[in-house]
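Student: I have a new structure open and would like to go through it with you. Could we start with how the strands line up, and then move on to whatever else comes up?

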Amino acid sequence: MDTIKLRVTSKVLAQSKDRKNQEQIAISKPSKQVRDIVGEAKKTRRVKLLLAGAISLEFCNNGAIWYSHNLKNQKEFDALFTFLSQFPDTEFEFVCSMEPVKRRRK
């Protein structure tokens, strides 16, 4: 089963208090099966993350899921960020699946 651990740090809470675009969810300890996919995430290679079969997010940084990269998934990002913010610095493990985001041709 593929899993990933996520958390919101106290530092991010303080930093993003007045700047929503600074909100981010830290990624840590992905299961061995998804570690390579997380490690390959970058600006030109976004990854779609599906948590618990219900929350769809995207990331393009191998250390965090940023609010600014989830404008199409604001509701999901906000719900997860709000939940994790209630338990600063605590890691939560989620069942997940991942796949590269297909880029649209112009």
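Student: Which residue stands opposite Ser56 in E4?

Tutor: That is Leu50, which stands opposite Ser56; please keep in mind throughout that this is a predicted model. Leu50 belongs to strand E3, residues 47–51, and E3 pairs with strand E4, residues 55–59, in the antiparallel sense over five bridges.

Student: What about Val47, which residue is its bridge partner in E4?

Tutor: The bridge partner of Val47 in E4 is Phe59.

Student: And how many residues sit between E3 and E4 in the hairpin?

Tutor: There are three residues between the two strands of that hairpin, and in the turn Ala52 has a positive phi of about 50°.

Student: Which residues of E3 are on its covered face, and which are on the uncovered one?

Tutor: Val47, Leu49 and Leu51 make up the covered face of E3, whereas Lys48 and Leu50 make up the uncovered one.

Student: What stands opposite Lys48 in E6?

Tutor: Opposite Lys48 you will find Glu99 of strand E6. E6 covers residues 92–100, and its pairing with E3 is antiparallel, again over five bridges.

Student: So what is the order of the strands in the whole sheet?

Tutor: The sheet is an open one of six strands with antiparallel pairing, and its order is E4-E3-E6-E1-E2-E5. E4 and E5 each have a single partner strand and stand at the edges, so one side of each is left without a neighbour in the sheet. From one strand to the next, the twist averages 40°.

Student: Which strands does H3 touch where it packs on the sheet?

Tutor: H3 touches E1, E2, E3, E4, E5 and E6 as it packs on the sheet, and its direction makes about 75° with that of E2.

Student: Changing topic, how many aromatic pairs are there in the whole structure?

Tutor: A search of the whole structure finds five aromatic pairs. In one of them, Tyr67 and Phe77, the ring centres are 5.7 Å apart and the planes are at 70°, so the pair is edge-to-face. Tyr67 lies in the loop between strand E5 and helix H3, while Phe77 lies in helix H3, so the pair ties together parts that are 10 residues apart in sequence.

Student: Are Tyr67 and Phe77 buried or exposed?

Tutor: Both Tyr67 and Phe77 are buried, and together with Phe81 they form one aromatic cluster.

Student: Back to E4 for a moment, why is Glu58 counted as buried?

Tutor: Glu58, whose place is in strand E4, has a relative accessible area of 12%, so it is counted as buried, given that the cut-off for buried is under 20%. Leaving aside neighbours within four places in sequence, Glu58 is in contact with several residues, including Arg46, Lys48, His69 and Val101. Glu58 and Val101 are 43 residues apart in sequence, yet their C-alpha atoms are 8.1 Å apart in space.

Notes: Residues are numbered from 1 along each chain as its sequence is written. This is a predicted model: local features need pLDDT of at least 70, side-chain atom pairs count only at pLDDT 80 or more; totals for chains, interfaces and linings use all residues. Side-chain values use heavy atoms; hydrogens and water are left out. Buried means under 20% relative accessible area, exposed over 50%, partly exposed in between (1.4 Å probe, protein chains only). Helices (H or I, at least four residues) and strands (E, at least two) are DSSP runs, numbered from the N terminus. Two strands pair if DSSP finds at least two bridges between them. Contact means heavy atoms within 4.5 Å. Rings of Phe, Tyr and Trp (its six-membered ring) pair if their centres lie within 6.5 Å; planes under 30 degrees apart count as stacked, over 60 as edge-to-face and the rest as tilted. Axes are lines fitted to C-alpha atoms, for helices over the stretch in contact, and angles run from 0 to 180 degrees between N-to-C directions.
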